[in-house]
Amino acid sequence: DRDDILRANRSRERTFMFDMVFDGTSTQEDVYLATTKDLIKGVISGYNATVFAYGPTGAGKTYTMLGMNYKPGIYIQTLNDLFKAIEATSENMLYNVSMSYLE
């Protein structure tokens with residue numbers, strides 16, 4: 001609409017930047033190690049962390065986050081490593097862990 005002042009100068013071109021991009025040969029472990037494992041140290045220190053998977057329908061976001069029984073996804077691997085780190089430091093610290101998963 002030519003008379004729509006709010007959208008008059010908007011370009012249809014979009015530029016996106018990504019920290020990481022994975023192809024179909026990447027394993028669950030590859031994705032976890034490259035994107036999420038390093039967040040655990042910050043979480044143990046009291047910082048919040050967010051993992052965000054973006055892509056079109058059918059790209060594998062749910063599979064990447066949840067995985068399968070024999071190939072755990074990011075959130076299972078993260079929780080396993082997080083609770084191992086908590087166990088290793090629990091003599092000195094008291095932890096309160098909460099997690100949300102939104103799809």
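**Close-up 1. Salt bridge between Asp 81 and Lys 37**. In this predicted model, Asp 81 pairs with Lys 37 in a salt bridge whose closest N and O atoms are 3.0 Å apart. Asp 81 belongs to helix α4, whereas Lys 37 sits in the loop between α1 and α2, so the pair ties together parts that are 44 residues apart in sequence. The structure holds one salt bridge.

**Close-up 2. The largest nonpolar core**. Eight residues make up this core: Val 31, Tyr 32, Ile 40, Ile 44, Met 65, Ile 74, Leu 82 and Ile 86. Two or more residues are given to the core by each of α1 (28-35), α2 (39-44) and α4 (74-89). Helix α4 provides the largest share, three residues.

**Close-up 3. Contacts of Leu 82**. Leu 82 is one of the residues of the largest nonpolar core. With residues up to four places away in sequence not counted, Leu 82 touches Ile 40, Val 43, Ile 44 and Val 97.

**Close-up 4. A nonpolar patch on the surface**. The patch is formed by Phe 16, Phe 18, Val 21, Phe 52 and Tyr 54, which together have about 730 Å² of accessible area. Phe 16 lies in the segment before α1. This residue, Phe 16, is classed as exposed because its relative accessible area of 59% is over the 50% limit.

Methods:
Residues numbered from 1 in each chain as written. Predicted model: local features only at pLDDT ≥ 70, side-chain atom pairs only at ≥ 80, totals over all residues. Heavy atoms only, no water. Core = buried A, V, L, I, M, F, W, Y, C linked by side-chain atoms within 4.5 Å. Buried < 20%, exposed > 50% of the residue type's maximum accessible area, 1.4 Å probe, protein only. Helix = DSSP H or I, 4+ residues; strand = E, 2+ residues; numbered from the N terminus. Contact = heavy atoms within 4.5 Å. Patch = residues over 30% accessible without salt bridge, like charges linked within 9 Å, V, L, I, M, F, W, Y side chains within 5 Å. Areas by Shrake-Rupley, 256 points an atom, 1.4 Å probe, with all protein chains shown as cover. Salt bridge = Lys/Arg side-chain N within 4 Å of Asp/Glu carboxyl O.
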